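Please find below a short note on the structure for which comments were requested. It is written for a reader who is new to the subject.

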Amino acid sequence: MKEINKSVLKSASNSLLFDMTDEQYAVLEKEFTILLKQMDLIGQTQGIDDLEPMTFPFDVATDSLREDVPSEPLPRDVALQNAKDVVDGQIKLPKVVG
Amino acid sequence: MSYLDLTLADLHQALVAKKVTPLQLAAEALKRAKANGDNAFERFMENEAFAIASALKEPEANNPFWGIPFVIKDNFSTKGIETTASSNILNGYIPSFDATVVARLLAAHAVPIAKSTLDELAMGGSGTTGHKGPTFNPYDPKHERMIGGSSCGSAVSVCANIVPFALGSDTGDSVRKPASFAGLVGFKPTWGRISRFGLFPFAPSLDHVGYFTRSVEDAALALAVIAGSDIEDATTSHKQIEDYTRLLKKDIKGVKIAVISEVVETIRNKAVIAAFDETLTALKKQGAIVSYVSLDKQMLETIFPTYLTLCCAEATSNNANLDGIKFGPRFEGKTYQEVMLKARTAGFSELIKRRFVIGSFALMRENQDVLFLRAQKNRRKIVNAVNAILKDHDVIYLPAAPGIAPKFLESGDRLSDTYLIADNHLVLGNFSGLPSITIPIGFEDKMPFGGNVMGRAFEEALVLQVAEKIENATGYRNLSVKAVNL
C-alpha cells in the first residue's frame with residue numbers, strides 16, 4: 001500500500017481537480033493514521049480474500065424496457081440554464097486544441 | 001392546538017372534515033418554518049406552496065396526502081427550484097425536472113413548503129457541514145446538541161411540528177440516526193423499493209430514499225404513496241406494494257425477533273439499555289419470541305471502515321461532474337482543468353475534500369486490492385451474516401444509537417467498540433439494502449433516543465407491524481418538542 005505523506009495526498013487531491021491548504025493536508029494526514037488502523041481491521045479478517053466483492057445489496061432483475069415513444073429532447077436553453085458562460089448556445093471554455 | 005400538531009393521518013381527517021384548508025396549513029407551516037431558529041432550511045417555497053394549496057378545493061377522502069404540507073431535503077431535484085445539497089459548488093443550480101418521489105407527492109396533491117438543510121452533499125452524520133453552518137436539535141434550547149445528519153433539516157421540520165412528513169436520504173444512517181436524536185419515526189425501506197431518480201447520488205450501492213414522520217401509521221401511509229417501480233430508475237423493484245396500513249394492526253404473535261448481543265454490549269448508556277429492555281418485555285407480552293444472537297465482534301468492528309472506504313470511493317466518482325462549468329460558480333482559467341480546479345477548490349468544504357481524497361486513495365492502483373476490493377468483500381461477509389440471522393428470525397431489533405444526541409464539541413475515541421459498533425451498526429441496513437425503521441423508545445436529560453427494527457428485503461409490512469407494537473408500548477406516538485414540553 002502507498003505510504004501516506006503530504007505529497008501523496010496533494011497528488012490525490014490535484015488529480016481530483018481541487019487543492020487544500022497546508023493546514024488541511026496536515027489534518028488529513030493525521031486523520032489517515034486512525035483510518036488506516038480502522039481499515040487494517042478489515043485486513044485482519046480471516047478468509048476475506050476468498051469472498052466475491054459485493055457491489056450492490058442484491059441483484060435487481062430489470063426485465064422491462066421503456067416504451068419506444070418519441071419525445072422532445074431537453075430544449076437547449078433549459079440544458080444551458082445553469083452554465084454561467086454561454087456564447088451562441090454553447091458553453092464557453094478555454095481552448096483545448098492548439 | 002394547531003392542526004400542524006397532529007399526525008399526518010389525523011390531519012388528513014381534519015382536512016376531509018373541512019375543519020382546515022390546505023392553504024391555511026401551508027401558511028401556518030411556512031410561518032413556523034420562518035420562525036424556527038435551528039438552521040433547518042435552504043429556502044422556502046412560498047410561491048409554489050400557495051399556488052398548489054390554493055388550487056385544492058375538494059378534499060379526497062382516500063388520498064392521505066391531499067393538502068398535507070411537507071419538506072424536501074435539498075438533495076432531491078425540484079423543477080425550477082434551486083437545489084444545492086447544502087454545497088457551495090451547487091449554488092444557483094436549478095434542476096429542470098422533479099425527482100420521482102417529489103413528483104409522486106405532488107401528484108398526490110401534497111404541498112411542498114421548503115427545501116431543508118443537510119450535511120454537504122449528504123456526506124456526514126452530524127448536521128454540521130452544510131454551507132449554511134450547523135443545524136441544531138430543537139430539543140436543546142441551548143443549541144449545544146446536534147440533531148445528527150445528514151438529513152438534519154428534515155428531522156427538525158418534523159420534530160418541531162412544522163410539517164408531519166419530510167423527505168430524507170440514507171446512505172449510512174442519515175435518516176435513522178437523526179430520527180433517534182429527534183424522537184421521530186425514520187424509515188428507510190428496502191433498496192429498490194423507492195425510486196432514486198432525481199436524488200443526487202452519493203454512493204449508489206448504499207443510497208436509499210427515506211423519510212421522517214411522527215407515527216408508524218404515517219410511515220405506512222407514506223410508503224404506499226412513494227414506493228414502486230420507476231422506468232427512470234433501473235434499480236427499482238417491480239415487487240408489489242402491499243397495503244401497509246391495513247397490515248399494520250396485525251398482531252405479532254410468534255414473530256421471531258433477534259437481538260445482536262455484541263451490539264447491545266457496546267452500549268454503556270444505562271437509560272438506553274433500560275428503555276430497550278422495557279420494549280423487549282412489551283414485545284414478549286404481545287407474543288413475539290425474542291432471542292439474543294451472536295455475531296463476530298471483530299467483524300462488527302469492521303462495519304465503519306468498510307462503509308467509509310466504499311462510500312468515499314463511490315462518492316469520488318459520482319461527484320466528478322461538479323465542475324463549475326455546466327453548473328455552479330464559474331472561475332477564470334487558462335485551461336479547463338484550471339477552471340475546474342478553482343471551482344472545486346472554492347466549492348467544496350474541507351470535509352468533503354478529505355472524503356474524496358480517502359476515496360481516491362482507496363482506489364489507487366497500489367491500494368485497490370487491499371482497501372477497496374477488500375471492503376467490497378467484507379461487505380459480502382457482513383451481509384451474509386445478517387441474512388443468516390434473518391433466515392431463522394423475522395426481524396432484528398436494536399437500540400438505534402449508543403445514547404442521546406451528542407454535543408457539537410464532543411469527540412469520542414474513533415477506535416473504541418462503542419464508536420465502531422454501537423454508533424455505526426445502522427449501516428448494516430445499507431450494506432444489505434434491508435428495510436430499517438427507527439422509533440423513539442426513551443428519554444435522558446429531556447433528550448430522546450430510539451430503537452431500530454430491520455427486516456428481510458421487501459418485508460416492510462412486518463417491520464412496520466413490529467415498530468407499531470413498540471410505539472404502542474412506549475406511548476411515543478406523535479412525539480414532538482412541543483408535545484414533550486406541554
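This is a predicted model: local features need pLDDT of at least 70, side-chain atom pairs count only at pLDDT 80 or more; totals for chains, interfaces and linings use all residues.

1. Make-up of chain A. Chain A contains 3 helices and 2 strands. Read from the N terminus, their order is α-α-α-β-β.

2. Overall form of chain A. The radius of gyration of chain A is 23 Å, whereas a compact globule of 98 residues would have one near 13 Å. Along the principal axes, the C-alpha atoms of chain A fill a box of roughly 55 × 45 × 25 Å. Of the 98 residues of this chain, 16% count as buried.

3. Contact between the chains. Chain A brings 47 residues to the contact, and chain B brings 62 residues. On the side of chain A that touches chain B, the elements giving two or more residues are helix 1 (6-15) and helix 2 (22-43) of chain A. Helix 2 of chain A gives the most, with 11 residues. By class, this side of chain A has 28 nonpolar, 10 polar and 9 charged residues.

4. The sheet of chain B. In chain B, 11 strands form an open sheet of mixed pairing, in the order 1-3-2-4-6-5-10-11-9-7-8. Strand 1 (41-44) and strand 8 (289-293) of chain B are the edge strands, as each pairs on one side only. From one strand to the next, the twist averages 30 degrees. As background, strands of a sheet pair through backbone hydrogen bonds, either parallel or antiparallel.

5. Strand 9 and its partners. Strand 9 of chain B runs parallel to strand 7 (residues 256-260) of chain B, and 2 bridges join them. In this pairing, Ile257(B) stands opposite Val395(B), and Ala258(B) stands opposite Ile396(B). Strand 9 of chain B runs antiparallel to strand 11 (residues 447-455) of chain B, with 5 bridges between them. Here Pro399(B) has Gly451(B) as its bridge partner.

6. Why is strand 9 of chain B described as largely enclosed by the rest of the structure? The reason is that 5 of the 5 residues of this strand (residues 395-399) are buried.

7. Helices across the sheet. Helix 18 (residues 460-474) of chain B lies across strand 7, strand 9, strand 10 (436-444) and strand 11 of chain B, and runs at about 15 degrees to strand 10. Helix 3 (residues 46-55) of chain B lies across strand 1 and strand 3 (111-116) of chain B, running at about 165 degrees to strand 3.

Note on methods: Residues are numbered from 1 along each chain as its sequence is written. Chains are lettered from A and ligands numbered from 1 in the order in which they are written. Helices (H or I, at least four residues) and strands (E, at least two) are DSSP runs, numbered from the N terminus. The radius of gyration is taken over C-alpha atoms; the globule rule is 2.2 Å times the number of residues to the power 0.38. A residue is buried if 20 or more other C-beta atoms lie within 10 Å of its own, exposed if 12 or fewer, and partly exposed in between; C-beta atoms are placed from the backbone. Two strands pair if DSSP finds at least two bridges between them. Two residues are in contact if their C-beta atoms, placed from the backbone, lie within 7 Å. Ala, Val, Leu, Ile, Met, Phe, Trp, Tyr, Cys and Pro count as nonpolar, Asp, Glu, Lys and Arg as charged, and the others, Gly among them, as polar. Axes are lines fitted to C-alpha atoms, for helices over the stretch in contact, and angles run from 0 to 180 degrees between N-to-C directions.
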